[in-house]
Amino acid sequence: MLTYQLRNRSYGSFAYMLLTVVMATSISQSGTTTHHAMRSLPSTVNQHDISALGVDQTTGAGERSLAKSERQKTLDRLLVNYDPRIPPNYEEDFPVQVQVQLHITSIDSISESNMDFSIGMFLDQTWNDSRLEFEKLPNLLALELDSRMMDKIWVPDLFISNEKRAVVHAVTVPNKLMHIYPEGRVQYSIRITATLKCNMDLRKFPLDSQTCNVIMESYGYSTDNLVFLWNPVPVIRDENLVIAQFDLGAMDTLTCDKIYVGVNYTCIKLQFALVRHSGYYLIQVYVPSIMIVILSWVSFWLDIEAVPARISLGLLTVLTMTTQSGGARADLPKVSYIKGIDVWMATCLIFVFAALIEFACVNVKSRVERRRRESSKGAMTSAQAGDKDNTEDMKLLQQRRTFKDQLRMFKTNRALARTIDRVSRIAFPGAFVVFNLVYWCVYVFWSPDPSDVA
């Protein structure tokens with residue numbers, strides 16, 4: 001019975017093989033590929049039967065599977081004796097040279113009160129590690145590592161020395177990139193958003209320009225083991241980069257090696273200029289303050305007797321100027337030197353206050369003479385009602401003389417008060433125009449020395 005089953009199984013297998021060969025031949029004659037013939041086979045066909053048919057397994061998905069396997073084997077070979085704790089060339093007599101490139105995507109949140117700014121960038125580093133050399137694979141430019149594999153590769157200990165806060169983006173995965181080329185060249189890139197310090201000189205504010213830096217150093221390796229260099233194309237700016245209230249000026253790349261405790265550490269620096277837009281302050285600060293000063297001059301055209309109107313106008317302009325001055329300087333740091341906005345606001349406040357003082361002087365002269373005239377009229381009335389003896393007549397003549405003298409003085413002082421108003425109508429605007437000429441010439445063309453700032 002067992003022999004019979006074996007024979008039947010052998011005959012069935014032989015018949016199945018004949019059927020398979022016939023099907024493959026017919027499909028080939030109709031122009032169909034071998035891959036389609038394989039797909040048309042029943043699911044019971046095993047790997048040995050397919051090999052017997054002579055089907056090429058190195059095409060299509062099979063080729064991709066083999067290529068992927070070669071990459072895995074290459075990575076495994078590279079990391080067999082690799083120690084990420086040791087930098088390249090550690091046993092040699094020359095340091096690792098790391099080329100750095102910045103791709104700036106945004107510069108914003110520039111704060112004068114905190115003296116800092118926020119920058120978003122891609123930080124690219126490139127170096128050679130001979131331990132990672134491998135034979136070039138077909139159709140493969142470089143090995144692209146996953147973020148979990150990057151922890152097994154040595155990377156430079158670069159840090160930004162003027163950083164206040166920084167974050168490496170991790171949505172939806174850590175924004176890191178590492179490519180390993182056959183010659184052992186490693187390209188490492190991370191996406192960073194950082195808040196950096198920027199020491200600002202605000203003596204010309206708001207007609208100023210600031211110079212800010214991105215300073216990068218090695219934290220633990222001296223220049224004997226690690227050196228940072230700028231890439232031949234050191235900085236790339238995003239085409240859509242726009243900064244509110246500023247224009248991004250020239251960028252310079254510098255070397256700034258530093259010595260700590262007698263050890264020399266590598267350092268590179270990106271220095272760029274920020275030129276402030278003055279249009280916002282012209283509209284929000286300068287033009288309103290000029291209008292307030294001009295409004296204070298209206299009192300010079302009002303009558304001397306219009307005391308309530310002139311007092312109200314003077315107080316209104318002084319209080320408004322004080323409020324605007326405080327608002328314009330609310331977001332500025334409390335520095336020890338005088339800023340351009342301080343000079344402007346203080347001078348405008350002096351002008352409106354001087355207009356109020358001018359009215360006070362004019363009003364005092366007019367009011368004193370008015371009281372003298374009223375007292376003179378009272379004395380003359382009482383003199384006419386008294387006895388008409390010689391003694392009284394003599395007194396009356398003296399009083400009349402005194403009244404005439406007082407009336408003459410009153411007319412003189414009142415004319416003087418009106419003259420002060422007429423002179424003020426010309427003197428105040430003229431002085432303000434002279435101040436504007438001096439102010440704008442100085443703060444537009446003056447270039448202060450940054451070393452003079454305490």
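This is a predicted model: local features need pLDDT of at least 70, side-chain atom pairs count only at pLDDT 80 or more; totals for chains, interfaces and linings use all residues.
The largest pocket is lined by 22 residues, of which Glu112, Gln245, Tyr280, Tyr281 and Asp331 lie nearest its centre. Strand E1 (96-111), helix H6 (279-296) and helix H7 (307-328) are the elements that give two or more residues to this lining, and E1 gives the most, with five residues. The space in the largest pocket comes to about 390 Å³.

Seen as a whole, the protein has nine helices and 13 strands. Of its 454 residues, 36% count as buried, and its accessible surface is about 27300 Å², with 57% of that area belonging to carbon and sulfur atoms. Where contacts link residues at least 6 apart in sequence, 78% of them join residues at least 24 apart.

The strand that leads the pocket lining, E1, is also joined to strand E2 (residues 116-128) by 10 bridges, and the two strands run antiparallel. Together E1 and E2 form a hairpin with four residues between them, and Met115 in the turn has a positive phi of about 55 degrees. Strand E2 is mostly covered, given that 11 of its 13 residues are buried.

E6 and E7 form a hairpin with four residues between them, and Gly184 in the turn has a positive phi of about 95 degrees. Strand E6 (residues 176-180) also pairs with strand E3 (residues 143-144), in the antiparallel sense and over two bridges. His179 takes part in both of these pairings: it stands opposite Glu144, and its bridge partner in E7 is Gln187.

| Strand pair | Bridges | Facing residues |
|---|---|---|
| E1 and E2 | 10 bridges | Asp108 and Ser118 |
| E3 and E6 | two bridges | Glu144 and His179 |
| E8 and E13 | nine bridges | Met216 and Ile268 |

An open sheet of four strands has the order E4-E8-E13-E10, with antiparallel pairing. Strand E4 (158-160) and strand E10 (246-255) stand at its edges and have a single partner strand each, so one side of each is left without a neighbour in the sheet. Neighbouring strands of this sheet are turned by 20 degrees against each other on average, with direction ignored. Within the sheet, strand E8 (residues 209-218) is joined to strand E13 (residues 267-276) by nine bridges, and Met216 stands opposite Ile268 in E13. In general, the strands of a sheet pair through backbone hydrogen bonds, either parallel or antiparallel.

Among the helical residues, Asn436 may be considered on its own. Asn436 has its place in helix H9 (residues 390-445). Its relative accessible area is 14%, and Asn436 therefore counts as buried, the cut-off for that class being under 20%. With its neighbours within four places in sequence left aside, Asn436 is in contact with Ile290 and Trp344.

How values were computed: Residues are numbered from 1 along each chain as its sequence is written. Side-chain values use heavy atoms; hydrogens and water are left out. Two strands pair if DSSP finds at least two bridges between them. Axes are lines fitted to C-alpha atoms, for helices over the stretch in contact, and angles run from 0 to 180 degrees between N-to-C directions. Buried means under 20% relative accessible area, exposed over 50%, partly exposed in between (1.4 Å probe, protein chains only). Contact means heavy atoms within 4.5 Å. Accessible areas come from the Shrake-Rupley method with a 1.4 Å probe; for residues, only the protein chains shown count as cover. On a 1 Å grid over the protein atoms alone, a cavity is a set of points where a 1.4 Å probe fits but cannot get out, and a pocket is an open set with protein on both sides within 12 Å along at least five of seven lines; lining residues have an atom within 4 Å of a point. Grid points are joined across faces, edges and corners, and a volume is the space filled by probe spheres set on the points.
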